[in-house]
Amino acid sequence: MSLTAAEVAEIMRLLEHSRFDELSLEIDGIKLHLRRAGAAGGVLQSTEAVAHDAASAKPAAGGAPSGAAAGTAALARPTDPSLTDIASPMLGTFYRAPKPGSPPFVEVGAKVTEESVIAIIEVMKLMNSVRAGISGTITEILPADETLVEFGQVLMRVRRDA
Amino acid sequence: MAIRRILIANRGEIAARIIRTCRALDIETVLAVSAADRDSNPARQADRVVCIGPAKSSASYLNAQAVVHAAIATGADAIHPGYGFLSERAILPQLCAESGLVFIGPTADQILAVGDKLRARVAAEAATVPVVPGGAVSSLIEAEQLARSIGAPLLVKAVGGGGGRGLKLVERLEDLPALLDLAAAEAGAAFGDARVYLEHYVAHGRHVEVQVLGDGAGEVIHLGERDCSVQRRYQKLIEETPAPRLSSALREQLQQSAVRFARSLSYRGAGTVEFIVDAQRESFYFLEMNARIQVEHPVTEAVTGIDLVAEQIAIAAGRGLSPGLAATQGGGCAIECRINAEDPAQDFRASPGRVQEVNWPTGEGIRVDTHISAGSNVPPYYDSLLGKIIASGPDRSVTLARLRAAIAATRISGVVSNVAFHAAVLDDAEFIAGGVDTGFVPRLFARRPELCAMSAASGTHG
């Protein structure tokens, strides 16, 4: 037997709504390992705090490596106190959808709650779901689908519910 | 296979050191950093930087999955683990093999063979390398029998151990039961392995180690020895080559023992075989093998002219040992001082913070390996090594004179350093005479009590 994509999505949904952080399943040679991204959802950074850090840090030297440059670019936006960054809780491959061809977890304009899954980050074939960790509306999705994201890299921006 | 891009899974001075050789070899570098090291000098020097996790090393520098994922995603061919962190964890070469990456170091089996201290003892005995009288114990009765045959003083050591944890000195045999329990509990908590073994305690030993290189197919050469007896609580502070005041017969025996041991494992890459030497009795015992590049490798490089990191890369790429290596004659002398951010006035406690000004020495025969410049941050999460000052010269007295001048020219402010401690050692008659044992630092502190109670100011400006 094999698991269909729909069944995997269903198992993921069940885990999402359970109180468990991790699930290992082995059926007839198929191994499935699911883990929530951290016990408490994605790492949150408000743009306010980030802007403060960026201002106090000394400017990056010329020829700064691409990773740092990307991070700096993401931090350099004007402060909008109603916007919150959702930072990647880990390094891995960023997936916007539960499987190829299915609709993304969220699009710009989507309403999310703290528990909403907004992406998957895969690390060495281990799928980790990332939660919004905040209630609001997605205003921006930064990384391209299926690309490497680093720890702390801004994945999305959310306008907090008033 | 050709290695064109290396992911460096480390930080600090060794990351900078590996980048330097990669540049010379025209190999691209990807540095895996924690969030605390994004702005470090090695992060500026690498061709690319990826942040693999938060400051806490268990979630970043010790996260083998993140390291390997980062290597694959950035198109690296190989991973260099440096020292510490994942360098002697079998999981990294295992994951590399599964992912088609080259691990720059020994095989997973070799790491496991030397990481288990009891297995290493057995392998040493099989290679006719002398080991300290002792052995495994699995019950109190067994331990008491063995302890009586060894005699006091003796050490209870952790099989999976290192760094002094799970290590207990038994001075009277009647204390054995209590100390055995304590050592096993500590070992279990620190290493997840409560097994312990007993060894005769060599009170006045010298720590001498031999650098080896193996091609992984049975060919092993040595590149001389290093004396690392200047230690404080098992932490090496000064290392030198050649080991002073050692008979040529004993030196030869140490070197050949190291080669025999590494050859018996068909060891691949750079490694170090450590011995405890009783110079008065002309005897020595195998301690352990370190399956990685060592902090103190530059003293060997200074006298042999060999780039050990380049040799590691060549061996990992399948090119074997470079021609002519075995014939290299070590000429002259080299001594290294480890400059740490630690406060002598506070029992050498780590002194993290931001370095304001720093002046590293230059001059004939002086090499400095460091990742620290003015403005560098010394995070509290990792070791406190700021850099290493290495002097070399035609003989020990010229080398010492150069090192003294170099230490005197070193200025570090913003964090407290142990520079003044090094100046005191280099002026000490016992150290100048050479061949000190591991009891040297406590004796020095007894002679010069002001050294361990030096004001923060003298550390800062010294």
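Select A:Met124 to begin: this residue is partly exposed, with 16 other C-beta atoms within 10 Å, where C-beta atoms are placed from the backbone and a residue is called buried if 20 or more others lie within 10 Å of its own, exposed if 12 or fewer, and partly exposed in between. The model is a predicted one, in which local features need pLDDT of at least 70 and side-chain atom pairs count only at pLDDT 80 or more, while totals for chains, interfaces and linings use all residues. Residues are numbered from 1 along each chain as its sequence is written, and chains are lettered from A and ligands numbered from 1 in the order in which they are written.

A:Met124 lies in the loop between β7 (117-123) and β8 (126-131) of chain A; helices (H or I, at least four residues) and strands (E, at least two) are DSSP runs, numbered from the N terminus. Although not a glycine, A:Met124 has a positive phi of about 50 degrees, and A:Lys125, found in the loop between β7 and β8 of chain A, has a positive phi of about 70 degrees. A:Lys125 is exposed, with 10 other C-beta atoms within 10 Å. Most residues other than glycine have a negative phi, and most peptide bonds are trans.

Next, select strand β4 (residues 83-87) of chain A, where four of the five residues are buried. This strand, β4(A), pairs with β11 (residues 154-160) of chain A in the antiparallel sense over five bridges, pairing being counted if DSSP finds at least two bridges between two strands. At A:Ala87, look across to the bridge partner in β11(A), A:Val154.

Now colour chain B by domain: domain 1 (5-104), domain 2 (133-200) and domain 3 (206-461), with bounds from an automatic or database domain assignment. The contact between domains 1 and 3 of chain B takes 25 residues from domain 1 and 24 residues from domain 3, two residues being in contact if their C-beta atoms, placed from the backbone, lie within 7 Å. On the domain 1 side of this contact, α1(B) gives the most, with seven residues.

Two bridges join β4 (residues 78-80) of chain B to β5(B), and in β5(B) the bridge partner of B:Ile79 is B:Phe103.

Which residues touch the most other members of the largest nonpolar core? Of its 107 residues, these are A:Ile118, B:Leu7, B:Ala32, B:Val67, B:Ile79 and B:Phe275; a nonpolar core is a set of buried Ala, Val, Leu, Ile, Met, Phe, Trp, Tyr and Cys residues joined through C-beta atoms within 7 Å. Centre on B:Val67, which touches B:Ala9, B:Ala32, B:Ile52, B:Ile79 and B:Leu86, not counting residues up to four places away in sequence.

For the boundary between the chains, show the 19 residues of chain B that are in contact with 17 residues of chain A. On the chain B side, α2 (41-45), β3 (48-53) and α3 (64-73) each supply at least two residues.

Finish at two prolines: the peptide bond from B:Ala152 to B:Pro153 is cis, with omega near -5 degrees, and a cis peptide bond joins B:Thr241 and B:Pro242.
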